[in-house]
Amino acid sequence: MQADPDSAFAILELVSSFTPGGFFLGARSINFGIPYYSMTIGLNVIVTTLIWYRLMSMSKLVQRILGEHDARLYTGAAAILIESAAPFSLTGIVFLIPYARGSSVAVALGQVWAKCTVSSYSFHN
């Protein structure tokens, strides 16, 4: 079994944050956390973009076959936000900026991001 770099950075960030004398916003922790969160958020942005593109292409197909009214199912703002997990990606970007600067605001934004993780998961199940 091979570990991916994202998992390795996550483990290193957790260990450096929660060992004696460690701190979530400490320099050692942030050095591992920034690549981890950047890769996670970057992957989510890519997947969100791909899902959005798929929704738009399906909308055009449905519009051609069934008409404009039925295509709204695929192009409505709610459908795009829920299916693409855009709030999760945007909240992650908003979290990363104060985290990289070592600001304690990142702790509060991390909590909001965690709630978006749960809500994105619950929308899809």
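The model is predicted, so local features need pLDDT of at least 70 and side-chain atom pairs count only at pLDDT 80 or more, while totals for chains, interfaces and linings use all residues. Residues are numbered from 1 along each chain as its sequence is written, and side-chain values use heavy atoms, with hydrogens and water left out.

The protein contains six helices and zero strands. Helices (H or I, at least four residues) and strands (E, at least two) are DSSP runs, numbered from the N terminus. Along the sequence, the pattern is α-α-α-α-α-α. Of the 125 residues in the protein, 27% are buried. Here, buried means under 20% relative accessible area, exposed means over 50%, and partly exposed lies in between (1.4 Å probe, protein chains only). The protein exposes about 8,300 Å², and carbon and sulfur atoms supply 70% of this area. Accessible areas come from the Shrake-Rupley method with a 1.4 Å probe; for residues, only the protein chains shown count as cover. Among contacts with a separation of 6 or more, 59% join residues 24 or more positions apart. A contact means heavy atoms within 4.5 Å.

The largest nonpolar core has twelve residues: L25, I30, Y37, I41, A85, F88, F95, L96, Y99, A106, W113 and C116. Helices α2 (27–66), α5 and α6 (105–123) each supply at least two residues of this core, and α5 gives the most, with four residues. A nonpolar core is a set of buried Ala, Val, Leu, Ile, Met, Phe, Trp, Tyr and Cys residues joined through side-chain atoms within 4.5 Å.

Helix α5 spans residues 86–101 and has 16 residues. From its first C-alpha to its last, α5 reaches 24 Å, close to the 22 Å expected at 1.5 Å a residue; the expected span is 1.5 Å times one less than the number of residues. The buried residues of α5 are A86, F88, S89, T91, G92, F95, L96, P98 and Y99. After α5 comes G102, whose phi is positive, near 80°.

T91 lies in α5 and counts as buried because its relative accessible area is 15%. Leaving aside neighbours within four places in sequence, T91 is in contact with V112, W113 and C116. I93 also has its place in α5, but I93 is partly exposed because its relative accessible area is 38%.

Y37 is found in α2 and counts as buried because its relative accessibility is 12%. Although Y37 and I93 are 56 residues apart along the chain, their C-alpha atoms are separated by 8.9 Å. I41 touches S89, G92, I93, L96 and W113, not counting residues up to four places away in sequence. V45, likewise in α2, is partly exposed because its relative accessibility is 31%.
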